Each structure stands twice: as C-alpha cells, then as structure tokens.
Amino acid sequence: MDPSIQWKKIETPHFEVIFNEKHTELAKRYAEYAEIAYEYLIPIFKEAPAKTALIINDNTDQANGYASFFPYPHMMIFPTLPLTDSTISHFDNWGLGLIIHEYAHILNFYPANGLYVPFKYIFGSIVRPLALLPRWYMEGLAVALETKFTKHGRLRSGDTQAAIRAFIRDKRLKSMTIDKINEGNNTWPYGGAPYLFGSLVWQKTIDEEGIDIIYRMLHKKSKRFPWTLNSTFKSFYKTKYQGFLREIYQESIENYKEKKNFGRKVAMKKGNRILDFAISPDLKKMISLQGSREEGTRLMLHERTSKKEFNFSKGKVLTKTSQTLRMGWFSDSNRIYYDKVDRENKRYNTHFKLYTYDIAKKKQTLIKTSSRDYLPHISDDNQKITFIKNGGARNSLYVANIDGQNEGQIYQAGLEVRLSYPTFINDTEIIFLERSREGQQILKKITISTKEVKIVDSNLNDIIKIKRQKNNYLLVAQDNGTKNIYSGKYPFYKLQALTDSDTAANSAIWDPVVDQLYISQLTSHGNRIYSLKKSQLVKSSSLSPAKKVVDYKWPSQFVEKPDIDTNYEIKDYSAWKYMLPRYWVPYAYNVNDGFVFEGSTSSFDPLAKHGLSLGLGYDTITEQISYSGAYLNSSTSLDIIASYGLLHEPLSGTDDYFKHTRGSLGAGFFLPGLSNSWRGALGANYISTEQNEFPEDKTELVGPSISFNYGKFSDHGSNLKTGVVNFGLSHRHFIDHKDYLGIDLTMMNFVYNFNHFLPNEHYLIFRLNGAIADNIEDNGSQNSNNLITYGVKTIGGNFIGNLINSNILMRGYSSGAFTAKQLAVAGLAYDFPIVKIYRGPGTGPLFFKSIHLNIFTDAASLKGRYLFTPDPDNSNLDEDNFTYVKTDWDKVFVGSGFEVRFRTTISYHVPVDFVVGGYYGFDRNATGGFAPFITFALGGYGPLGKTNDKKYFGLLD
C-alpha cells in the first residue's frame with residue numbers, strides 16, 4: 001500500500017470498512033452496500049462472522065475483489081468500474097454486486113460444525129473445511145447470488161449465452177467436464193470457467209429446489225469430510241454432479257439453433273486470439289491486437305504490397321502489452337497510439353497509460369498525461385487526444401494535446417457511472433458512452449469549448465463500442481441480446497446491422513481494398529478472425545432476438561433495499577487490533593531416532609502494512625525448546641524485516657547438540673531511477689553457534705549485508721519468457737573483532753531463458769552461480785575448520801538449503817560435497833512438456849495437468865575442499881573413509897541427469913509439482929555416482945473469490 005495514504009475506518013454493525021480518506025463518499029456508500037448484502041444473504045446462509053473487514057483499495061485500474069477467511073474474515077475491494085470488454089461489465093450498482101459476490105464467499109467459508117467444532121477451539125480460524133470446496137462451487141454460487149440481488153449480473157449477460165452457444169457450435173460443450181471447469185487455466189475460458197459453468201450448476205439447482213437448498217447443502221457439508229461432494233449432492237438429487245452438468249449441457253444443445261452467416265474463418269497463428277484491429281489511412285498496414293496463453297497480448301504489424309487481404313498468421317510484433325483496450329493510427333500511417341496497463345509509483349499502483357509507437361524508429365513513447373488514462377482517440381488534425389481518466393468508482397472525460405500537455409477535464413460522471421469510447425466527431429465535438437448506475441447505456445455528445453452535453457438519439461439502446469473509419473462508424477451493440485456489428489454515419493438516426501452472430505462479434509474493421517469486413521468473433525477457443533464480403537452483410541436496421549440456450553427462471557426485478565442506518569462515524573485506522581494470532585498449525589516428524597514437535601502461527605493487518613510470524617518447537621533428542629519470530633513493517637517505502645530465533649540441532653551419532661541463535665534486521669526497497677524489476681536490500685545479521693558440551697568454543701558472527709536483484713518476470717504470458725529471468729548480487733560482511741569471526745561473502749546468481757526457434761513451452765535455461773569468501777580460514781583440521789563450517793557449500797537437489805550457510809545447487813553429488821572460498825557453478829538445461837493430461841477423477845480433489853521433462857548438466861570448480869572417498873564402490877564406508885581434500889581451481893566436477901515434473905492441483909486449489917529425478921556425478925571419488933531424487937513443491941493457497949474473470953471471453957489475458 002502507498003505509505004502516503006491516510007487510512008480511515010467506518011464501523012457498521014457487521015463490517016469494518018477501511019478506506020483512503022479521499023474516498024469518504026465512496027466508503028459511506030460501500031458501507032451501506034455491505035449491510036444491504038448482509039440483510040440479503042444472512043437469511044440464506046444463517047451463520048456469519050461477528051465482523052468482516054472490508055478494504056477499499058483503489059490502487060489498480062482492473063475491477064476486482066477477493067475474499068479470504070485467513071487469518072480472519074476480510075474482503076479486498078478494488079472499486080474501479082468494469083471495462084466494457086469484460087463479462088462483469090453487465091452491471092448496475094457495481095459496488096453492491098461486487099460486495100454481494102465477495103460476502104457470499106465469506107459466508108460460504110464460515111460454517112464448521114459437527115466434528116470440526118472442538119478443532120475450532122484448539123487450532124483457531126484455520127479450521128474452515130468449506131474453504132476446500134471446488135472453485136466452481138464457490139464462484140458459481142457467488143455469481144448466482146450477485147445476479148439474484150441486482151437487475152443485471154453475469155447470469156443475465158448476453159456474454160454468458162454467447163459463450164455457451166460458442167461451445168455448442170464447435171461441439172465442445174460436453175468436453176467441459178466437472179473436473180476441467182474447476183481448473184479453467186489451460187484452455188478458453190481460462191480462469192473464467194469456474195464462474196461460467198459453476199453458475200450454470202447453481203442456477204439449475206436453485207431453480208429446481210429453491211433458494212433454501214444453499215443452506216441445506218452447506219450445513220450438511222460443514223459437518224462432513226471436505227471432499228464428499230457427490231455424496232452430499234446425491235442426498236438431494238439422484239445423480240452426481242457430472243450427470244447434473246450433462247443435463248444442463250443437453251438442455252442447452254436442444255435449445256440451440258445455428259445461424260449460417262458466421263462468415264469465413266481467416267487463418268491466424270494456432271493458439272492465438274484476435275482482440276482488435278485497425279487499418280492505416282494509406283490502407284497498406286494493419287495493426288492487430290493478438291493474444292495467446294503462452295505469449296500474452298501483442299500489438300502486431302501486418303503489411304501488404306498488393307491488393308490482397310492481410311495475412312494474420314504472420315506479422316511483426318511491435319510491442320507486448322497488458323490489457324490494451326483501444327488503438328489507432330496517426331494520419332501519416334507510420335505511428336500508432338494505444339493504451340495499456342503499467343505499474344507506476346514503484347510497487348503501489350497498476351494503472352492504464354497512453355503510448356505512441358513509431359514504426360520506422362521502432363520506438364515506444366509515453367504520452368505524459370497524469371495517469372489512469374485509457375480508451376484514447378485522436379482528432380483528425382492529430383493535435384488533440386481524448387481519453388477516459390479512471391478513479392475510484394468514478395470516470396472523467398479529458399482532452400489534451402497529443403503530447404499529453406494541457407490536459408483538462410471536460411466532463412465528470414457521478415459515482416458508479418462508467419464512461420467509455422470517447423471519439424472525435426470533428427475537432428470540436430466528441431461522442432462517448434455512459435453507463436448509468438442503473439445499468440443503462442447512453443450515447444452522448446459534448447462540445448469541447450462549451451462543455452455542453454447532449455444525448456444522441458439512435459435506433460440502438462445498448463451500444464458498447466465505437467470505432468470511426470473516416471466518416472463512417474462501426475459500433476458494437478447488443479440490442480438483440482448478443483454483440484453484433486452495426487454501421488452508420490453521425491448523427492446515428494438509423495444504424496444498420498452488418499452481422500447477425502449466434503455467438504458474439506466483439507470488434508470489426510472494414511477493409512475497402514478487398515471489400516470485406518474483418519470480425520473478431522467468439523468461438524469456443526476465444527475470439528477468432530472471420531470475414532464477410534459486402535454481399536454477405538446483413539444490412540438490417542434490427543435483428544431478431546438472440547436465442548437463449550439457457551433459460552433462467554429467477555425474476556429480474558431488483559429486490560427492494562432494506563432500511564439501513566447510514567449515519568456512520570469516521571475513525572482513524574489502526575492495524576494493531578488485527579495482529580493478535582488467531583490460529584496455529586501443528587507439525588510432527590521423525591528425525592535422528594527422535595521426534596520434533598512444532599507449531600506456527602502468523603498474522604497481518606488488512607492493509608498488509610504489518611506482519612508477524614511465530615514458531616515454537618520441542619524435540620525429544622535434545623529435549624530443548626526452539627523458537628523463532630519475524631516481523632514485517634511495510635508502512636513506509638521500505639519493507640523493514642526483523643527476525644530472531646533459537647534452534648537446537650542434534651549432532652548425529654552423539655548425545656550432544658548445537659545451539660544456533662540468529663537475529664537480523666533489514667530493509668528492502670526499489671532502486672531509485674531504475675525499473676520496477678530492480679530491488680535492493682540492506683541488513684544486519686547476527687549468528688551464534690555453540691556446542692552444548694563445549695560452550696567455550698562458541699562462534700559468533702555479526703555484520704551488515706547488501707543485495708541487489710533484477711527479476712524480469714513477465715505478466716504477458718503463462719510461461720517463462722526469453723531473456724534475463726533473474727540476476728542477483730549480494731555481499732555479507734561479518735566483522736573481525738574480539739570474539740567475533742570475520743568473514744566476507746559475495747554471491748552472484750544469473751538465469752537466462754531462451755526459446756527462440758523452439759516450440760511453445762520448450763526452453764533452454766542457462767544458470768551461473770558464483771561465490772567468493774576469501775577470508776574464511778582453512779586451518780587444515782577437519783574437526784575445527786572454519787572453511788568447512790562456514791564456507792560456501794553446494795546442495796545436491798532442488799530443495800531449500802541450510803538457513804545458516806548459503807548453498808548453491810550442484811546435482812549429482814552429495815549436499816555439502818563442496819565447500820569453498822571461491823566457487824563457480826554453471827548449469828544448462830532443456831525443459832519441455834512430455835504430455836499434457838488435463839483431466840481429473842470427476843469431483844475428486846486431484847487434477848492432473850501435465851508432465852514436463854528437464855534434462856540438465858551442471859559443472860562446478862572451486863578453490864576450497866571437496867569430500868573425497870578412496871573407494872566409492874564400498875557400500876560399508878563409515879565417516880572415517882571420507883576426507884576433505886583441497887582443490888585450487890584444478891578440477892572440474894560434472895553432473896548430469898533429469899527431472900520429471902508432474903504438475904497437479906490438489907484439493908481443488910493448491911498447485912503441487914511432484915518431482916522425480918535421477919542425478920549422476922561423474923567423479924565418484926567426490927561422492928558422485930547415481931542418486932535418485934524425489935520432492936514436491938507447493939504453489940501456494942491464495943485468497944479466493946476474485947470477481948474479475950480475467951476477461952474470459954477471449955478479450956484479454
């Protein structure tokens with residue numbers, strides 16, 4: 001969070017609304033919405049937390065929200081109004097629908113009854129079995145309820161019907177089985193699948209059984225094992241969820257009637273989706289906005305030298321973008337303008353910005369407006385630019401010089417009123433779209449000089465996009481229930497339909513050279529390019545209603561709002577009441593003929609300005625207590641971290657043990673003047689190690705540290721990207737003073753991924769690690785040797801290394817086989833998918849995604865010591881057969897092998913990679929030889945209930 005924000009709080013009977021004091025008017029409205037949501041939903045769910053934190057966070061231009069039960073019930077609301085291309089754009093009272101959606105998640109998480117009751121009192125807020133329900137179950141229910149209690153909502157959106165028709169048309173509807181709709185991240189509609197298909201399941205369930213089925217099912221599930229979905233469902237129905245979903249599909253298929261004028265499919269690169277296009281004034285160039293799961297969205301240039309249609313399967317990538325909504329040409333046919341999402345003010349905000357791109361110079365230039373600007377359009381003389389400026393649940397219309405100077409507001413909408421697609425009619429007038437708080441789409445005109453606004457009458461009531469080609473306009477409207485292309489001239493008294501799509505025509509451009517209309521049309525693989533010749537255009541003033549393939553029975557009347565007291569007191573926000581730990585997680589495992597028992601907890605405030613983690617442990621070997629604690633403060637531009645811990649480590653084969661004490665204080669920050677990819681950190685560290693039986697030999701280290709990191713992690717696509725993925729340089733200095741051991745340690749890591757000319761998801765990965773610690777003493781004694789104890793060590797597998805010493809990956813040899821003053825390790829790997837599975841056992845809590853193979857070679861050389869055995873074939877060697885032998889860059893140690901990574905999702909939410917490998921070190925006298933390797937990596941369990949469906953109708957990644 002931006003540390004300059006002054007946060008305030010409103011406390012209502014059931015919520016604590018936390019907000020930027022600049023948004024007080026919005027916060028009061030959202031506080032009212034929250035209590036309305038409570039009144040709507042509590043009769044359905046029956047149970048609710050005493051208080052739920054609701055944070056209004058206006059740091060992004062992407063309409064979104066999420067809900068979490070951990071470590072206490074809270075909802076994060078991003079109040080930006082939905083973009084026109086999103087399925088959530090079919091809204092009225094946007095904030096109310098958003099809060100209903102997220103609060104439905106809170107209430108869905110909350111019940112824990114039956115056998116779970118005693119565990120709630122023992123382990124705290126972590127006991128939430130219903131948080132382990134499938135994503136389609138939770139998101140589908142939230143979508144159903146957001147629709148029930150508003151006039152619009154996703155289930156009434158034409159996009160929902162269009163998506164189902166697209167799957168039916170392509171004969172792929174039945175392939176979206178109950179296991180696949182939970183994942184939704186490999187094929188279109190990607191992350192929107194749980195919302196789309198889950199809401200269909202819930203719609204039919206509620207239609208047939210009534211609204212009380214929600215509580216009846218939830219209450220029964222709250223007492224059962226988390227993954228007994230079908231048994232609970234079959235207690236109400238005589239079928240399993242998969243059979244129920246098949247019934248929905250079959251009913252939809254029977255309701256579908258195919259239209260024949262879909263157009264001709266135009267070839268494009270496999271896996272790509274087309275989002276928009278624009279033809280240059282000289283008609284020789286086309287820019288297209290294309291996207292794919294692997295590569296993200298790109299602005300591509302297509303050129304032609306003859307009077308033929310453009311080749312969309314080939315083209316030059318001009319720039320990679322994130323969520324570009326609108327683009328266009330300057331009159332010179334050499335420059336383009338566009339918007340895209342970018343991060344600014346370092347870590348705090350993600351906002352739209354405006355750019356130009358000079359094709360001849362291959363140069364992108366920022367239009368220096370004040371930010372949060374999108375949907376640009378330039379005047380005929382190329383001197384002015386108009387755009388929408390975003391804000392918390394509020395839009396404004398602006399005009400500026402083409403370089404961004406002299407920007408000025410010419411129209412401001414009210415709260416929760418959306419403005420979109422401003423378009424110059426001429427150099428003095430602009431038309432634009434306004435969506436009212438009640439969900440009406442209104443076409444308006446404004447005169448720039450006088451700021452006079454008038455409503456523009458036309459024969460269309462639901463226009464959602466405007467594109468101008470000279471004096472003609474192409475518009476996207478959904479008056480017949482789905483998106484189609486319309487054409488006409490200003491003042492739009494009579495607009496003609498050009499398409500009659502049975503899915504959705506999301507954008508179009510007319511190409512006069514070949515007399516055809518290019519259309520971005522929805523298919524079951526996302527938007528694809530189709531074309532219609534002039535003779536194939538509909539040319540009708542009205543279209544027959546689009547056929548509904550799913551028949552919803554819920555009334556579309558808005559439920560009257562309950563009478564809510566809105567006389568709220570504004571208070572200062574304080575984080576400290578949230579910092580009390582509310583749960584703990586136990587661990588127990590066997591090690592060295594004994595047992596270790598541990599417990600951990602954590603807490604953070606709703607703004608994540610403060611975080612705390614605590615750990616406590618006891619082992620039966622040392623019979624000692626270990627503990628750790630860490631505190632994070634992000635309330636300033638620095639991330640300040642303090643930690644302290646005491647660890648008792650058994651000494652193998654003896655009754656003795658080590659006592660390690662560690663403490664640190666550090667600060668992380670962005671590097672001034674550099675991109676957001678660069679981070680720096682400063683710190684101070686203390687380490688104390690003593691052996692219980694020889695406390696007089698205690699070793700202490702204390703000193704400062706500094707580090708720099710560069711991470712080029714792209715948001716444009718789902719895979720690793722070509723280029724520098726990570727570079728890090730760090731130095732730790734331990735002071736040589738009195739009883740403190742003086743050590744200097746410098747470490748470097750570098751990773752580079754290469755996939756040019758390789759198939760998708762195939763990568764060559766180069767890795768280089770280096771370390772220097774010259775002042776560590778190598779005194780010749782293996783029992784008391786600082787180099788062996790504190791030198792830079794290698795680890796033999798891809799797992800987390802020792803917390804005291806820094807470790808570098810060197811596969812094929814034992815962990816700790818190399819310990820050095822100077823060390824260099826290089827690795828080359830080839831990573832690629834073997835098979836894509838993408839299926840699971842129905843409603844079972846396991847989903848198999850793919851299997852990847854990584855073939856590698858590692859090589860190391862060092863100044864230091866390596867673990868030597870004279871007889872590697874003797875399997876009965878004891879510790880006396882191993883010695884540390886010196887080496888001074890005179891040997892190179894090589895290891896090769898493979899890792900098979902089995903990518904899965906467990907418990908419907910948690911991505912887990914199971915890794916099985918085989919390593920071989922070629923120098924068997926240095927602990928080399930064959931070694932199997934087995935591990936797993938958890939991807940994490942994040943907050944649920946994100947309302948933004950990632951533009952799942954093919955428009956954006």
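Predicted model: local features only at pLDDT ≥ 70, side-chain atom pairs only at ≥ 80, totals over all residues.
**Exercise 1.** How do helices H1 and H2 pack: at what angle, and how far apart are their axes?

*Solution.* Start with what you need: two packed helices are described by the angle between their axes and the distance between the axes. H1 covers residues 24-45 and H2 covers residues 94-109. Their axes lie 9 Å apart, at an angle of about 45°. That angle makes H1 oblique to H2. Next comes the handedness: the crossing of H1 past H2 is right-handed. Now look at who touches whom. On the H1 side, the contact includes Tyr-30, Tyr-33, Ala-34 and Phe-45; on the H2 side, it includes Trp-94, Leu-96, Ile-99 and Asn-108. Finally, sort the contact residues: 16 are nonpolar, two are polar and none is charged.

**Exercise 2.** Is H4 roughly parallel or roughly perpendicular to H7?

*Solution.* First find the helices: H4 is residues 135-148, and H7 is residues 193-209. Their axes come within 7 Å and cross at roughly 70°. Angles of 65 to 115 degrees count as roughly perpendicular, so H4 is roughly perpendicular to H7. Among the residues making this contact are Arg-135, Trp-136 and Glu-139 of H4, along with Pro-194, Tyr-195 and Trp-202 of H7. Sorting the contact residues gives nine nonpolar, three polar and two charged.

**Exercise 3.** What should the twelve residues of H5 span, and how many of them are buried?

*Solution.* Begin with the length. H5 runs over residues 158-169, and at 1.5 Å a residue it should span 16 Å. Now for the burial: twelve of the twelve residues of H5 are buried, so the helix is mostly covered. The buried residues include Asp-159, Arg-165 and Arg-169, as well as Ile-164 and Phe-167. What does the covering? Helix H7, helix H10 (241-255) and strand S28 (516-523) are among the elements that do it.

**Exercise 4.** Is Ile-279 buried or exposed?

*Solution.* Locate the residue first: Ile-279 sits in strand S7, residues 273-279. Its relative accessible area is 11%. Buried means under 20%, so Ile-279 is buried. Then check its surroundings. Setting aside neighbours within four places in sequence, Ile-279 is in contact with Lys-285, Met-286, Phe-310, Trp-329, Ile-509, Trp-510 and Asp-511. Val-835 is 556 residues away from Ile-279 along the chain, and their C-alpha atoms are separated by 40 Å.

Conventions:
Residues numbered from 1 in each chain as written. Heavy atoms only, no water. Axes fitted to C-alpha atoms, helices over the stretch in contact; angles between N-to-C directions. Helix = DSSP H or I, 4+ residues; strand = E, 2+ residues; numbered from the N terminus. Parallel < 35°, antiparallel > 145°, perpendicular 65-115°, else oblique. Left-handed = near helix turned anticlockwise from the far one by under 90°. Contact = heavy atoms within 4.5 Å. Nonpolar A, V, L, I, M, F, W, Y, C, P; charged D, E, K, R; others polar. Expected span 1.5 Å × (residues − 1). Buried < 20%, exposed > 50% of the residue type's maximum accessible area, 1.4 Å probe, protein only.
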